[in-house]
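User: Please go through the pockets, cores and salt bridges of this model with me.

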Amino acid sequence: MLLREKADAGDAEAQFYVGRCLELGQGVGVNRAAAKGYFELAADQGHATALLYLASYFWEGKGPEGVNKQRAVHYFQLAADQGDKDALHNMAIFYAQGWEGMPQDHKMAVECFRKAAAKDHAGALYNIGLCYYDATGVEQDFGQALGFFKRAAELGVAGAIGMIGKMYLKGDGVDQDEVRGIEFLSRAADMEDVPSIFNMGLCYEQGRGVEQNRNKAILYYNKAAQSGYPEALLNLGVISEASEETRLAAVQYYFLAAQAGNLLARRNLGRVFLYGIGVEKNPQEAVKWLQKPALSGDIKALALLHEASMLLNKY
């Protein structure tokens with residue numbers, strides 16, 4: 001029996017593959033609307049991969065209906081209920097971040113990460129490691145975190161390799177070994193893991209595990225900053241502010257980091273506007289940037305905000 005005939009006779013696996021042929025134009029012309037129809041037939045019979053394909057259709061807006069994130073989440077959930085590891089990982093992220101109207105639920109996120117990790121999903125292994133490292137949805141457990149990071153690292157996850165390096169640098173759950181930490185961080189940085197690139201810069205700036213080298217630190221910070229990494233932008237700002245010739249550049253770095261949500265950059269930006277460092281004094285602009293870090297409990301930002309407010313009250 002031909003594949004199309006089996007699909008039309010109700011075979012879920014055949015329905016899925018006919019959908020794939022129509023989607024990719026294999027042996028037939030590309031017809032995404034018809035492909036979606038066959039995916040729906042297979043999905044109605046609980047075909048997990050078809051459910052995942054339908055989820056991606058609505059998530060990416062491949063079909064004639066366009067993007068519909070809520071329907072996509074519905075299909076991801078159905079696929080996750082079938083035990084699909086990619087769907088479980090996606091649902092974990094949705095729970096962790098509260099996407100598409102879902103309530104943020106870190107415990108549910110951990111549960112979904114755990115189920116996907118049990119199926120050796122590389123991203124889930126890394127993310128549940130982060131949950132144990134940061135105490136998000138679970139009690140902090142560096143041993144558990146390291147175990148998950150090691151499994152993810154074996155699957156080639158650069159971020160996990162970098163986190164192992166960070167743990168050795170800090171002595172989190174392991175005997176502190178800065179040289180070994182650098183070995184892992186360097187590997188991850190070579191794999192373009194941006195946090196590891198930043199941390200290599202930090203190590204060169206501070207002389208941790210390597211000989212202190214400000215120029216190498218700046219090179220790493222610049223590379224991380226090119227990806228918009230806020231902490232790298234902040235540190236470039238601090239370095240630039242130290243020299244009168246580069247203080248305008250410092251303001252620009254602080255601005256980019258602040259725009260990315262870095263509260264220390266907002267405090268520094270408020271400070272340079274308050275005192276006229278690299279820019280003209282502007283207490284009103286200073287207040288604008290100091291409010292968020294002050295509200296977060298930053299004592300220094302609160303003091304600067306008070307000073308800026310006093311100046312405004314004089315005018």
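The questions below take up pockets, nonpolar cores and salt bridges in turn.

Analyst: This is a predicted model, in which local features need pLDDT of at least 70, side-chain atom pairs count only at pLDDT 80 or more, and totals for chains, interfaces and linings use all residues. Residues are numbered from 1 along each chain as its sequence is written, and side-chain values use heavy atoms, with hydrogens and water left out.

User: Which elements give two or more residues to the lining of the largest pocket?

Analyst: A pocket is an open set of points on a 1 Å grid over the protein atoms alone, where a 1.4 Å probe fits, with protein on both sides within 12 Å along at least five of seven lines; lining residues have an atom within 4 Å of a point. The largest pocket is lined by 14 residues, with M163, K166, P195, N199 and Y229 nearest its centre. The elements giving two or more residues to this lining are α8 (122-134), α10 (158-170) and α12 (194-206).

User: Which element gives the largest share of the lining of the second largest pocket?

Analyst: Residues lining the second largest pocket include I93, H106, F113, N127 and D134. Elements that give two or more residues to the lining are α6 (85-97), α7 (106-117) and α8. The largest share, 4 residues, comes from α8.

User: Which residues touch the most other members of the largest nonpolar core?

Analyst: A nonpolar core is a set of buried Ala, Val, Leu, Ile, Met, Phe, Trp, Tyr and Cys residues joined through side-chain atoms within 4.5 Å; buried means under 20% relative accessible area, exposed over 50%, partly exposed in between (1.4 Å probe, protein chains only). A second, separate core of 40 residues includes A189, A265, F273 and A286. In the largest core, of 63 residues, those touching the most other members are F76, M91, Y126 and F149.

User: How many residues apart in sequence are the parts that D120 and R151 tie together?

Analyst: A salt bridge is a side-chain nitrogen of Lys or Arg within 4 Å of a carboxyl oxygen of Asp or Glu, and the side chains of D120 and R151 meet in one at 3.1 Å, N to O. D120 is partly exposed at 43% relative accessible area, and R151 is partly exposed at 33%. Because D120 lies in the loop between α7 and α8 and R151 in helix α9 (residues 142-154), the pair ties together parts separated in sequence by 31 residues.

User: Are R267 and D298 buried or exposed?

Analyst: R267 forms a salt bridge with D298, the closest N and O atoms being 3.1 Å apart. R267 is in helix α16 (residues 263-275), and D298 is in the loop between α17 (283-295) and α18 (299-314). Both R267 and D298 are buried.
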